[in-house]
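Let's walk through this one together, from ring pairs to nonpolar cores. Take a look at the model first.

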Amino acid sequence: MWLPHRTKAADLESQGDLGAALNEWKVALTIDPKDNLSVQGKERVEKNINQAVADDLNRGREALKRGVQSEARRYFLLALALDPGNKAAFDALQNDIKEIRVLNHTVRRGETLASIAELYYRDRSRLEVIWETNQLPPNPKLEPGMVLKIPEIPGVPFSGPAAPAPAQPRAKTESPTTPAKPESPEEVEPEVNPTLSEAREALDRKEFAVALAGVDRYLSQNPRSTEGVELKRTVLYQQGKTALDQKKYAESYNALNQLAKLSPNYQDSSALLGRARNFLVQDHYSQGIRLYREEKLEGAIAEWRIVLQYDPNHAAAKKNIEQAERLLQGLQERQQKK
């Protein structure tokens with residue numbers, strides 16, 4: 001029956017999960033292509049997705065103009081999460097976003113965003129870049145020990161602790177009585193890949209589509225990266241497990257099925273995939289039975305065919321489809337004779 005899918009689509013739409021809502025409207029229309037509410041719901045969600053994608057693209061381009069590459073990347077990834085085939089977002093990520101150097105700075109007592117901008121960029125007005133990159137609140141209070149990301153600004157070389165040290169002439173070899181004490185390292189962490197870093201942050205926020213879009217973009221340029229592949233495994237596993245707990249069985253199955261192709265024996269993903277598949281089979285089979293009893297034969301057949309997509313050997317679904325198709329054919333023949 002299309003009603004559960006229609007109800008679920010409306011709930012997802014109200015929660016802002018437009019991609020999942022669109023999928024539910026499509027399932028409802030598969031069952032009953034003439035249902036006006038489902039047609040309207042699908043068109044409305046598609047319109048909202050297009051608007052959201054356009055807004056994200058505009059925000060990304062505005063961030064590029066300000067030189068805040070990390071913010072631009074985030075918006076372009078959000079656009080791809082809603083519309084994976086969006087060429088404008090993909091081209092922007094591919095051509096306009098540069099892999100920039102990012103440093104970690106541990107805040108010392110008395111430091112402000114302006115003083116940190118002066119330290120790294122020799123320009124206190126660049127504090128906005130640090131503020132936006134770290135998604136800080138207005139007028140943030142910096143606490144000692146806080147770690148901030150310091151992105152390189154294209155065309156503005158790092159200064160201070162991030163500046164490359166000049167080459168030193170080699171000293172004459174002597175036999176010192178005491179070994180020289182090594183200089184203490186600056187409080188600057190090794191640079192991290194911004195795309196993977198943002199994907200991890202999206203994963204922490206459970207924004208799985210955004211995290212996957214980021215990882216896939218990174219892997220398209222670094223296909224042999226073990227770090228990227230491992231992060232993708234983690235994202236898919238967490239998405240599949242979370243969706244299963246939330247009874248979003250189709251989302252769970254899709255994520256775990258991707259993980260099975262990437263790494264079949266990853267943790268307990270095989271068992272989770274089996275559970276998601278069983279729930280989907282039971283759900284669609286039961287809906288097919290209800291539709292059949294209501295004499296909605298085409299809808300019942302559609303549900304049982306979905307069952308066979310998940311379990312091609314489901315004998316009851318095959319038998320029911322054959323029986324429903326015979327009945328449907330008989331009804332159509334009788335109508336033609338009238």
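Start with what makes a ring pair: rings of Phe, Tyr and Trp (its six-membered ring) pair if their centres lie within 6.5 Å, and planes under 30 degrees apart count as stacked, over 60 as edge-to-face and the rest as tilted. What you have here is a predicted model, where local features need pLDDT of at least 70, side-chain atom pairs count only at pLDDT 80 or more, and totals for chains, interfaces and linings use all residues. Residues are numbered from 1 along each chain as its sequence is written, and side-chain values use heavy atoms, with hydrogens and water left out.

With that in hand, ring pairs link Y285, Y292 and W304 into a cluster. Searching the whole structure turns up five aromatic pairs. One of them is Y249 with F279: the ring centres sit 4.5 Å apart with the planes at 15°, so this pair is stacked. Y249 lies in helix α11 (residues 249-262) and F279 in helix α12 (residues 269-293), so the pair ties together parts 30 residues apart in sequence. Helices here are DSSP runs (H or I, at least four residues), as are strands (E, at least two), numbered from the N terminus.

How covered are these rings? Buried means under 20% relative accessible area, exposed over 50%, and partly exposed in between (1.4 Å probe, protein chains only). Y249 counts as buried at 17%, while F279, at 31%, counts as partly exposed.

Y292 counts as partly exposed at 24% relative accessibility, whereas W304 is buried, with a relative accessible area of 1%.

Now zoom out. The protein has 14 helices and three strands, and 41% of its 338 residues count as buried.

Next, the cores. A nonpolar core is a set of buried Ala, Val, Leu, Ile, Met, Phe, Trp, Tyr and Cys residues joined through side-chain atoms within 4.5 Å. The largest one holds 63 residues, of which V45, F76, L231 and V235 touch the most other members. Helix α9 (residues 208-221) gives the most to this core, with eight residues. Leaving aside neighbours within four places in sequence, V235 is in contact (heavy atoms within 4.5 Å) with L203, F208, A211 and L212. A second, separate core of 16 residues includes L103, I116, I150 and I153.
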